[in-house]
Amino acid sequence: MKKVLWICSRLPAPLLSGDALYSAGLLKALAMTNDAAITLIGTRRPNHGQDAHLAALPNTTSIMLPSAQASGLRSLASSLPRDAYNLATPELALQIEKLLQQEWDWIVIDHAYSAGLLSTILKNRGRASVWYIAHNAEGAIRPAIARSFSNPLRRTIMQLDAEKYRRLEHRLVRAADAITCITGDDASYFRQSSPRVCIVPPIYLGKIVAERRIERKCPRSLLLLGSFEWVAKQKNLELIVETLLPRFQQKGITLDVVGFVPQAVRDRYGRYTEHLRFHGQVDNLATIMAGSRGGLVPDLLGGGFKLKVLDYAFQRLPIFALRQAVAGTSPNEQSAMFLADDLDSLVERIVNNIDDLVALNGHQQSAFELISARFGLDAGISALKEFILGSRRVESRAHTMHQV
């Protein structure tokens, strides 16, 4: 078995955000190859303890450290972006230094925010190869996010952080022996700097609804899944609500938002109370899913693959989405969605189709069939067996990377 040190500075538990879901899928797939002995290390997410899905993983030992504390303004003086600076805790640094005294076949750096200790890792990696799991093309999306903020001070701070992410990502890509990413656009971006890039789609780990038929009695409601802790996600929510809700009010359509939303953000939208419902984090989505005529993927900012696409498809909700927000899905899969090029067009697409039960049911059935064929656990296991554990593995470049 290959010996793997998996560094995920923000542990993928609980499964309430896109980064946690993507990491958890790859982690489970690698564990279930039965060809890897994994040591997972990272910090717990704030206000969350151990999640059962990590304890149940085969061939995996988890080292869970206390939650990272916010640094305030101290990270501004660091060369690291804020998340990487905060997550490189003294406890994590100490444990990684101890673990690096062992011999490893692979060292995984899961997400750019897990690269705060990159210099230590490269100096002590021995003969281990480095696998970078890219969740986004950080150097491309973060400057765009920063530019979207109108407040000059906030924009300047975000631009500084984006530049730090770009530099850290560049060092990480140069050091990596293997890079996996989610979309073709991200692969093209990374292939400018590295020849060893593979697309590994997200792996769905959630509930699968075997059959569903939307009927007239189903409420005229749409579901928006997400975690809105990140400022970019809050900006997305602001754009979505301000564009969609006026028309939803006119047409008697309700938007259900499921996932963490700060109370201060909720309070901004009190005028839409009748047609905008914040449910917070929900353990069992079955009732809300069954009471929805579709799922929304309206993200303008943030890049990457939107994992709610899989939740909607596997639980048989028709998908209403911005074309740019479903990057990573195929043209065939997109043909089973209601797509638009901007939010104004999207709201009209919703209004024109929310009562067309034939179209809704046809789209949800097609999306289920197409997406379930490509995003299941078996496909993930096969991809990692070939790319990470198989014959295509390249020799470690450790001898050339200590100076990065």
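Residue I179 in strand β6 is the bridge partner of Y132. The model behind this report is predicted. Strand β5, residues 129-133, holds Y132. Its neighbour β6 pairs with β5 in the parallel sense over three bridges.

Strand β6 covers residues 178-181. A178 and T180 point one way from β6, while I179 and C181 point the other way. All four of these residues are buried.

These strands belong to an open sheet of seven, ordered β3-β2-β1-β4-β5-β6-β7, with parallel pairing. Its edge strands are β3 and β7, and each pairs on one side only. From one strand to the next, the twist averages 20°. At the β3 end, β2 and β3 pair in the parallel sense over six bridges. There L40 stands opposite S62 in β3.

**Helices on this sheet**

Helix α1, residues 18-31, lies across β1, β2, β3, β4, β5 and β6. Helix α1 runs at about 170° to β1. Helix α7, residues 152-175, lies across β4, β5 and β6. The angle between α7 and β5 is about 135°.

Which residues of helix α4 are buried? They are L92, A93, I96 and L99, in a helix that spans residues 90-99. Seen down the axis of α4, these residues fall within an arc of 130°, so they line one face of the helix. An α-helix has 3.6 residues a turn, so residues three or four places apart point the same way. The cover over the buried residues of α4 includes strands β1 (2-10), β2 (36-43) and β3 (60-65). Helices α3 (82-87) and α5 (118-123) are also among the covering elements.

**The six-stranded sheet**

A second open sheet has six strands in the order β10-β9-β8-β11-β12-β13. Its pairing is parallel too. The edge strands are β10 (276-280) and β13 (338-340), each pairing on one side only. Here the twist averages 25° from one strand to the next.

Within this sheet, β11 (residues 294-297) and β12 (residues 319-322) run parallel and are joined by three bridges. G295 has I319 in β12 as its bridge partner. Helix α14, residues 343-353, lies across β8, β11, β12 and β13. Helix α14 runs at about 165° to β12.

**Aromatic rings**

The model has six aromatic pairs. Two of them are tabulated here.

| Pair | Centre to centre | Between planes | Type |
|---|---|---|---|
| Y132 and F190 | 6.1 Å | 90° | edge-to-face |
| Y204 and F314 | 4.2 Å | 5° | stacked |

What does the pair of Y132 and F190 tie together? Y132 lies in strand β5 and F190 in helix α8 (residues 184-191), so the pair ties together parts that are 58 residues apart in sequence. Both Y132 and F190 are buried. Y132 and F190 also form one aromatic cluster with Y189.

Why is the pair of Y204 and F314 stacked? Planes under 30 degrees apart count as stacked. The planes of Y204 and F314 are at 5°, so this pair meets that limit. The pair links distant parts of the chain, 110 residues apart. Y204 is in the loop between β7 (197-199) and β8, and F314 is in helix α12 (residues 308-314).

Are Y204 and F314 buried or exposed? The cut-off for buried is under 20% relative accessible area. Y204 has a relative accessible area of 10%, so Y204 is buried. F314 has 4% relative accessibility, so F314 counts as buried as well.

**Arginines over rings**

Two arginines lie over the faces of phenylalanine rings. R196 lies over the face of F387, at 4.1 Å from the ring centre. R316 lies over the face of F368, at 3.8 Å from the ring centre.

Terms used:
Residues are numbered from 1 along each chain as its sequence is written. This is a predicted model: local features need pLDDT of at least 70, side-chain atom pairs count only at pLDDT 80 or more; totals for chains, interfaces and linings use all residues. Side-chain values use heavy atoms; hydrogens and water are left out. Two strands pair if DSSP finds at least two bridges between them. Helices (H or I, at least four residues) and strands (E, at least two) are DSSP runs, numbered from the N terminus. Axes are lines fitted to C-alpha atoms, for helices over the stretch in contact, and angles run from 0 to 180 degrees between N-to-C directions. Contact means heavy atoms within 4.5 Å. Rings of Phe, Tyr and Trp (its six-membered ring) pair if their centres lie within 6.5 Å; planes under 30 degrees apart count as stacked, over 60 as edge-to-face and the rest as tilted. Buried means under 20% relative accessible area, exposed over 50%, partly exposed in between (1.4 Å probe, protein chains only). A charge sits over a ring if NZ of Lys or CZ of Arg is within 6 Å of the ring centre and within 35 degrees of the ring normal. The arc is that of the directions from the helix axis to the C-beta atoms.
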